[in-house]
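Hello,

The structure we talked about is below. My notes follow it.

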Amino acid sequence: MEYLNCHKNMLRATLSGITKPLSISAIQARVGLPVGRFWWAFDSLLEEDEVPGRLSGSRSSPSCTYIPHMHDMLVRLYVQNLFRQQEFIQTGVLKKLGLSESLGGKNGQIEQILKEGNSSLKFQVLPTVLLSLPLYQQCLSTIKEAVRSSDVCEVQSTLQPLGVPFEDPDLIEISEKIAASESELQCSGTHVFSDRIITKAIERLGDRIDSWAHELMTKLEQERRSTHRQQKTVEAENDWGETKKGGGKKKGKGGGGKGGKSSAASREEPASTFVGVPSETLEEWIASTSVVPEEILEDVVERVGTQVKELLRILCHCFFCSVGRHLQRF
């Protein structure tokens, strides 16, 4: 018993001298007790309230760690002071401090630490950084103001003066948040832009679109005439087949065969012209306007392409309506 008490006192002294997290296996080796007797001594000290720390992990796990209360207190003070001074803290720092498990969790350890002494504190959790809510709102307003002044904003460079070490996942989440907040704002990666930039691009492409529409309507008119001639030919062949069918039974069979071929021919339709501008061509057009930054060019091309296609459809519809009215006069 004296042997156990001696090692128990040794364990008490060892635990009191630890100032940072240390594995239980290392403490056990230092005290020199087998597993069963080590936990007996540890539990005895717990009952006497002489263990100035806590365990992290299962006792049976090799990663079981002893964390002294002093370390918890220093971590708490460090996190509070750091967040108070700069209004943000990186998740990488929290992970190094052993606080990663509760990131973003409601009423988690991080929230409890930050709200200690300030229960009204609110913060925003991003993929790699925690921001105070006022600083986060400042980021959003800064970007929106930049978009209002220039129609497009590169989020990273715009927020750089704030001194927050944002990474791409943070910037993308901020961009998506802003784009979702206003219907006229869009995002592409780490860029936010206004619908006005799409309007400007379409305005710059006015002459090109008109020229393309003229060529398109010429092709469509040629297709229409070709289809009309083909229909006339089919009708003539059908009439000829009907005439031969009336001439006799044998010839009627032959006529019927030709009529079948004519019917097959009538079902053949010419390849329809694509009503729109190919994305490769449209990308070259928009790039030449120097209105759209290269980083968002692909996204803008997709959005502009939809509007250009609709515009061409309207122009073609108006053209054929006018042709129809012209033909009705004769």
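Glu-87 sits in the loop between helix 4 (69-86) and strand 4 (88-90). Helices here are DSSP runs of H or I with at least four residues, strands are E runs of at least two, and both are numbered from the N terminus. Phi of Glu-87 is near 65°, a positive value in a residue other than glycine. Most residues other than glycine have a negative phi. Glu-87 counts as partly exposed because its relative accessibility is 34% (buried is under 20% relative accessible area, exposed over 50%, partly exposed in between; 1.4 Å probe, protein chains only).

On provenance: this is a predicted model, where local features need pLDDT of at least 70 and side-chain atom pairs count only at pLDDT 80 or more, while totals for chains, interfaces and linings use all residues. Residues are numbered from 1 along each chain as its sequence is written, and side-chain values use heavy atoms, with hydrogens and water left out.

Asp-49 also has a positive phi, near 60°, and is not a glycine. Its loop runs between helix 3 (35-47) and strand 2 (53-56). Asp-49 counts as exposed, at 69% relative accessibility.

Three strands form an open sheet in the order 4-6-5, with antiparallel pairing. Two strands pair if DSSP finds at least two bridges between them. Strand 4 and strand 5 (123-125) are at the edges with a single partner strand each, so one side of each has no neighbour in the sheet. From one strand to the next, the twist averages 15° (axes are lines fitted to C-alpha atoms, for helices over the stretch in contact; angles run from 0 to 180 degrees between N-to-C directions). Strand 5 pairs with strand 6 (residues 129-132) over three bridges, in the antiparallel sense. Phe-123 has Ser-132 of strand 6 as its bridge partner.

Which strands does helix 7 (residues 133-150) touch? Helix 7 packs on the sheet and touches strand 4, strand 5 and strand 6. Its direction makes about 95° with that of strand 6. Contact means heavy atoms within 4.5 Å. Helix 4 lies across strand 4, strand 5 and strand 6, running at about 125° to strand 4.

Last, Ile-178. This residue lies in helix 9 (residues 168-181). Ile-178 is buried, with a relative accessible area of 1%. Leaving aside residues up to four places away in sequence, Ile-178 touches Leu-140, Ile-143, Lys-144, Leu-185 and Val-192. Cys-139 is 39 residues from Ile-178 in sequence, and their C-alpha atoms are 10.0 Å apart.

Best wishes
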